[in-house]
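Welcome! Please take a moment to look over the sequence and the 3D view before reading on.

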Amino acid sequence: MTKINRLSIYSKLLLLIFFSTTSFILLFLYLFYYTLKQEKEVYTMTQKQLNDEVNSLMKLNSESHYSTLIDVTYWDALVDFTQTKDQKWFDKHVGNIINMYFVEYIGIYDLQGNEIGKKYKPELKHPIRFINKPLLNYVYQKRTTKFYVKLPEGYAEVFMATIHPGNDPTKMKSKPSGFFVMARLLNQEYINRLEEISTSKVSFSYLEKEKLFYDNFIKGIYTLKSWNGEKIGVLAFERKFFVNFKATERILAIILIFFILFLIVYVFFLRRWVSTPLYLITQILEAGNKKAIKRLKSSPGEFSKIGNLFEETFSQRKQLEKAKAKAEESDQLKTAFLTNLSHEIRTPMNAIIGFSELLKENGLEESEKQNYIKIINKSGVNLVSIIDDLIEMSKIDANQIRPNISSVDLESCMQELYKSIAITISKDKNIDFKWIEANPPITSKVLLDETKFKQILTNLLTNAIKFTNQGFVEFGYHLNSEKLQIDFFVRDSGLGIAQDHQPFIFDRFRRVDNDYSIKEGGLGLGLAITKAYVQLLDGTIELESELDQGSLFTFSIPLVYATESTDTGKVSEDSKDHPIDKSITVLVAEDDNINYLLIENLLIRKDFNVIRAKDGIEAVELYQKYPQIDLVLMDIKMPRMGGYEAFEKIKEINAELPIIAQTAFSSSEEIEKINTFGFSGYITKPIDKATLYDLISEILKHY
């Protein structure tokens with residue numbers, strides 16, 4: 001007992017569990033072994049007895065037919081028949097006694113295998129086909145045999161013997177003159193007789209090694225074999241069998257009682273050995289009692305280690321202070337971001353408001369007015385870009401961005417990007433902008449989110465152009481067949497990024513602050529959004545850069561070929577200066593007065609007839625009142641009834657009417673929803689005059 005007390009609590013518990021479990025297992029194994037042995041002996045003995053009965057029954061059931069076969073086949077008259085083939089004699093002396101033999105077929109064959117006499121019962125509807133040369137050779141050697149065959153009518157038991165003279169009952173003195181065949185069907189009448197004799201349920205089966213006993217039944221198996229020993233089926237005898245399992249129930253009761261007793265013992269000693277240390281731990285957690293920590297450290301076993309852990313907690317407070325500092329740093333980053341955001345928003349707003357005030361002054365020259373208008377327009381575009389980045393970043397944070405996978409012609413997409421970016425490069429920049437075509441190119445269509453993909457490349461290219469005054473900016477891709485991915489790159493000879501800034505270049509709320517970046521402006525969210533889009537496409541993005549040497553951005557996305565082409569339904573971009581019919585009537589659904597005033601002026605300049613609706617309900621009513629309306633500009637968000645619902649109601653009246661969506665929601669998800677809904681096109685606010693005219697012109701060409 002003294003040695004046991006020196007052990008740790010953990011060791012004591014292990015020792016107690018070991019002895020208890022060992023005793024339990026030994027007792028259980030003994031009882032289980034005894035039960036299995038007893039049951040196995042009973043089942044084995046019963047199974048053997050049933051199989052012996054089945055074999056004896058089948059042998060006895062065939063004995064009379066086998067004796068008849070022997071008696072008939074050493075008969076002089078039958079030998080003569082094999083030579084004369086007298087059918088009248090066969091019908092009189094052999095064929096008409098088929099009922100007496102209790103068989104369904106009697107046949108006589110000559111040595112060449114020809115059937116020279118036959119008699120069928122009505123139960124056999126098909127002629128006998130199993131007699132062949134190998135079988136006759138086998139019977140010729142064996143003289144007599146019995147086997148089973150599978151006929152269209154079911155299984156049949158066949159008796160065959162060679163025909164000999166009456167002075168040769170042993171069939172060994174003379175050569176066979178022919179073959180005698182009897183066949184009886186193992187029909188339902190046969191099965192009923194077996195069931196009556198064996199007190200079992202008899203059925204045919206194909207499985208010889210199936211379960212021989214289950215529930216309250218036991219099975220005996222008799223294999224049906226052909227003349228060459230091949231198994232063709234199984235005759236199963238199923239008999240009710242009841243075994244008393246009271247002994248097993250008593251064993252389980254004993255096991256349960258012992259388990260409960262051991263459980264009580266476990267609970268008793270666990271409370272004794274663990275209760276006090278747990279009380280000390282509670283005191284430490286609730287009151288931070290240092291004396292309790294000392295007592296816990298003096299406890300035996302692992303509880304002393306827990307005391308040491310509590311002591312180490314004080315040192316961990318320093319780590320918590322570091323974590324707090326890091327959190328404060330993150331908060332400072334957010335504060336800096338908000339400060340930068342305020343600056344970036346106020347800068348274009350200052351230009352818009354300031355130059356708008358200047359435009360009110362009289363005496364301005366036309367060149368000054370145009371310059372002010374150009375500044376206001378550029379500032380407005382910058383402001384919209386900032387707002388779009390903020391909305392997109394908030395959607396990414398809220399996990400509301402989902403990929404919209406479609407079939408994309410990658411080569412056409414890259415060429416389109418090249419053209420759209422090239423025309424935006426300022427003439428003041430001496431940049432060689434190049435698209436490096438792939439070798440080999442991907443000619444088949446691939447599956448990806450075209451909108452997100454274009455945004456990724458657009459962000460990287462505009463950044464490269466922004467920070468490159470002279471030199472080159474180039475982009476392209478390589479097919480990586482080994483990794484089944486596409487590797488894209490954007491390379492420039494611009495300012496480059498310092499090594500200490502590269503680790504956080506893709507982080508949000510972070511921006512490389514230098515004179516040039518401050519001059520160019522921006523929130524620093526572009527690369528964070530780009531990385532989020534790349535990850536959305538199951539890809540990765542990397543940066544290689546040296547200060548004053550340029551930068552190389554690479555990103556890879558999985559290569560998945562499209563199985564069928566997809567119609568993107570895009571409006572052609574080459575829709576400049578199309579003639580517009582001046583007799584067109586346009587219904588403008590717009591609740592905001594200023595937005596309507598802008599649209600109205602833009603449409604009147606093209607001599608369109610303009611009708612206004614202030615909400616979706618009024619838009620539907622006006623179209624019902626003026627069915628001559630040729631086109632609808634539908635605001636998506638309006639009071640009383642929104643643009644989507646109004647679209648559906650107007651389409652119910654005229655499914656062919658072109659309806660253009662105008663929306664302040666510029667996200668790719670909203671644009672996808674508009675296209676899916678069936679709008680003829682869309683334009684985002686703030687509305688660009690040229691874009692509006694081109695869109696209307698292109699749509700009206702098709703109506």
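## A helix and an annotated aspartate

At the start of helix H16, a side-chain oxygen of Asp592 comes to within 3.2 Å of the backbone nitrogen of Ile594. Keep in mind that this is a predicted model.

From there you can follow H16 through residues 593-604. The helix has 12 residues and reaches 16 Å from its first C-alpha to its last, close to the 16 Å expected at 1.5 Å a residue.

Which residues of H16 are buried? They are Tyr596, Ile599, Leu602 and Leu603. Seen down the axis of H16, these buried residues fall within an arc of 130°, so they line one face of the helix. An α-helix has 3.6 residues a turn, so residues three or four places apart point the same way. On the other side of H16, Asn593 and Ile594 are exposed.

The buried residues of H16 are covered by several elements, including those in this table.

| Element | Residues |
|---|---|
| Strand S17 | 585-589 |
| Strand S18 | 609-613 |
| Strand S19 | 631-635 |
| Strand S20 | 659-663 |
| Helix H20 | 689-700 |

Strand S19 also holds Asp635. UniProt, in an unreviewed entry, places the feature "modified residue: 4-aspartylphosphate" at Asp635. Is Asp635 buried or exposed? Asp635 is buried, because its relative accessible area is 5%, and the cut-off for buried is under 20%.

Which residues does Asp635 touch, not counting residues up to four places away in sequence? On that basis, Asp635 touches Ala589, Glu590, Asp591, Gly643, Gln662, Thr663 and Lys685.

Definitions and conventions. Residues are numbered from 1 along each chain as its sequence is written. This is a predicted model: local features need pLDDT of at least 70, side-chain atom pairs count only at pLDDT 80 or more; totals for chains, interfaces and linings use all residues. Side-chain values use heavy atoms; hydrogens and water are left out. Helices (H or I, at least four residues) and strands (E, at least two) are DSSP runs, numbered from the N terminus. The expected span of a helix is 1.5 Å times one less than its number of residues. Buried means under 20% relative accessible area, exposed over 50%, partly exposed in between (1.4 Å probe, protein chains only). The arc is that of the directions from the helix axis to the C-beta atoms. Contact means heavy atoms within 4.5 Å. A polar contact is a pair of N or O atoms within 3.5 Å; within protein, one must be able to donate a hydrogen and the other to accept it, and residues adjacent in sequence count only if both atoms are side-chain atoms. UniProt positions are given in the numbering used here, feature names are shortened, and annotations may be inferred rather than shown by experiment.
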